[in-house]
Amino acid sequence: ARVASSAMPLYRETVSAPSGASIGISVRVPPDALARAWTQCMLTYLPVALLASVLLGLGAYRLQASRRSFREQLRRAMRAGEFHVYYQPVYGQASDRCEGVEALMRWDCPGVGPVRPDIFIAAAEAEGMIVELTRHLLTLVERDVGAWSMPPGFHVGVNLAAEHVSSDQLLSDIRAFVASIAAGRPQVVLEITERSLIADDNGQARRNIDALRAEGVLVAIDDFGTGHCSFSYLQRFPVDYLKIDKGFVQAIGPAGEEAPILDAIIALAHRLGLAVVAEGVETQLQFDYLKARGVTFLQGYFLARPMSATEFARWYAGQQA
Ligand code: G
Ligand code: G
Ligand code: MN
């Protein structure tokens, strides 16, 4: 269409037809119409864009704030003494008695109640708080173990997250822990997961573990068989125990059905010269099955549940009597 010559060119194109002729197309608009269209466009989309960016910003801020507040909440809970440690007896099959404990962290959050450890441990790992939390656990264990009187060599097992195992603070943390409980001459056992071996990109975890084992600390692979387990890591990464996950132990059926994977793991451990710890032993049948296959240590509700430090001291004294 033809419009006033003051109209602004908006679009221009020349198309050549198959006949050889060329057709010119040009679109022009009067400036005021163009300005009106732009204004309308802005009025429609600008509020939407503004709203979207405010919402995004608010979302990012709240995510940051909730992360910060989770870290602050953990620190506050540590200061307020809301964490404590439960101890689950570990039974030695050769001696037929309790030869150690595994320390398991508990959080009683006022107004909320007990928070499940798998939840707060996973959250602490995700928020970069696990090293701080584990250090706190070590101080609680120091206090508890100091109040017991156990025979020398009594096993004290603690769980370590992969991030801690591969950090350069591990050596000093564990050395300080060992020194602080040295009076009773216990045997410290570090329970690490398969992930600690696999995530060891720069070899720091391996160096830490080698150094601590050379100083007499024992190392167990926890929850064995549940991670991305690769047998080649076991060959390259020397440890002392394989701790078989309760899932495999529970495969021993109520009528004593064979558990082929469990049998294979026990055989593999023995071939590698590793002692086996079975966890989650809940029945007499499972207990007998594992004992018959030469499992060194057993742990589970059939033997004893995790208990507080004072309950454990009383229970242990009762066992000796
Ligand atoms: O009792 P149980 O529900 O405690 O523990 C649940 C899980 O939490 C287990 O896999 C156990 O290994 C883990 N866990 C308990 N205490 C600790 C701890 O102090 N550190 C780490 N890394 N894991 C722990
Ligand atoms: O993953 P790790 O081995 O660190 O955790 C031990 C977990 O197993 C703890 O949550 C502990 O309370 C739990 N546990 C200990 N004994 C038994 C048992 O006999 N049966 C079951 N189902 N869980 C157990
Ligand atoms: Mn464990």
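## Helix 3 and helix 5

In this predicted model, helix 3 and helix 5 have axes that come within 10 Å and cross at roughly 10°. Since angles under 35 degrees count as roughly parallel, helix 3 is therefore roughly parallel to helix 5. On the helix 3 side, the contact is made by V131, R135, L138, V141 and E142. Helix 5 contributes D173, I174, A176, F177 and S180. Sorted by class, the residues in the contact of helix 3 with helix 5 are six nonpolar, one polar and three charged.

## Helix 5 and helix 7

Helix 5 covers residues 170-180, and helix 7 covers residues 204-214. Their axes lie 10 Å apart, and the two helices pack at an angle of about 25°. Helix 5 and helix 7 are therefore roughly parallel to each other, because the limit for that description is an angle under 35 degrees. The crossing of helix 5 past helix 7 is right-handed.

L170, L171 and I174 of helix 5 make this contact with N208, A211 and L212 of helix 7. The contact of helix 5 with helix 7 comprises five nonpolar residues, one polar residue and no charged residue. I174 of helix 5 takes part in the contact with helix 7 and is also listed in the contact of helix 3 with helix 5.

## T134 in helix 3

Helix 3 spans residues 130-147 and includes T134. T134 has a relative accessibility of 6% and so counts as buried, because the cut-off for buried is under 20%. The T134 side chain reaches the backbone oxygen of I130, at 2.8 Å. With residues up to four places away in sequence not counted, T134 touches N159, L160 and H164.

## Q187 in strand 7

Q187 belongs to strand 7, which runs over residues 187-193. Its relative accessibility is 19%, so Q187 counts as buried; the limit is under 20%.

The side chain of Q187 reaches the backbone oxygen of G216 at 2.9 Å. G216 is also one of the residues in contact with Q187 once neighbours within four places in sequence are left aside.

## Summary of the two residues

Both T134 and Q187 count as buried. The side chain of each reaches a backbone oxygen: that of I130 for T134 and that of G216 for Q187.

Technical notes. Residues are numbered from 1 along each chain as its sequence is written. Chains are lettered from A and ligands numbered from 1 in the order in which they are written. This is a predicted model: local features need pLDDT of at least 70, side-chain atom pairs count only at pLDDT 80 or more; totals for chains, interfaces and linings use all residues. Side-chain values use heavy atoms; hydrogens and water are left out. Helices (H or I, at least four residues) and strands (E, at least two) are DSSP runs, numbered from the N terminus. Buried means under 20% relative accessible area, exposed over 50%, partly exposed in between (1.4 Å probe, protein chains only). A polar contact is a pair of N or O atoms within 3.5 Å; within protein, one must be able to donate a hydrogen and the other to accept it, and residues adjacent in sequence count only if both atoms are side-chain atoms. Contact means heavy atoms within 4.5 Å. Axes are lines fitted to C-alpha atoms, for helices over the stretch in contact, and angles run from 0 to 180 degrees between N-to-C directions. Angles under 35 degrees count as roughly parallel, over 145 as roughly antiparallel, 65 to 115 as roughly perpendicular and the rest as oblique. A crossing is left-handed if the near helix is turned anticlockwise from the far one by less than a right angle, and right-handed if clockwise. Ala, Val, Leu, Ile, Met, Phe, Trp, Tyr, Cys and Pro count as nonpolar, Asp, Glu, Lys and Arg as charged, and the others, Gly among them, as polar.
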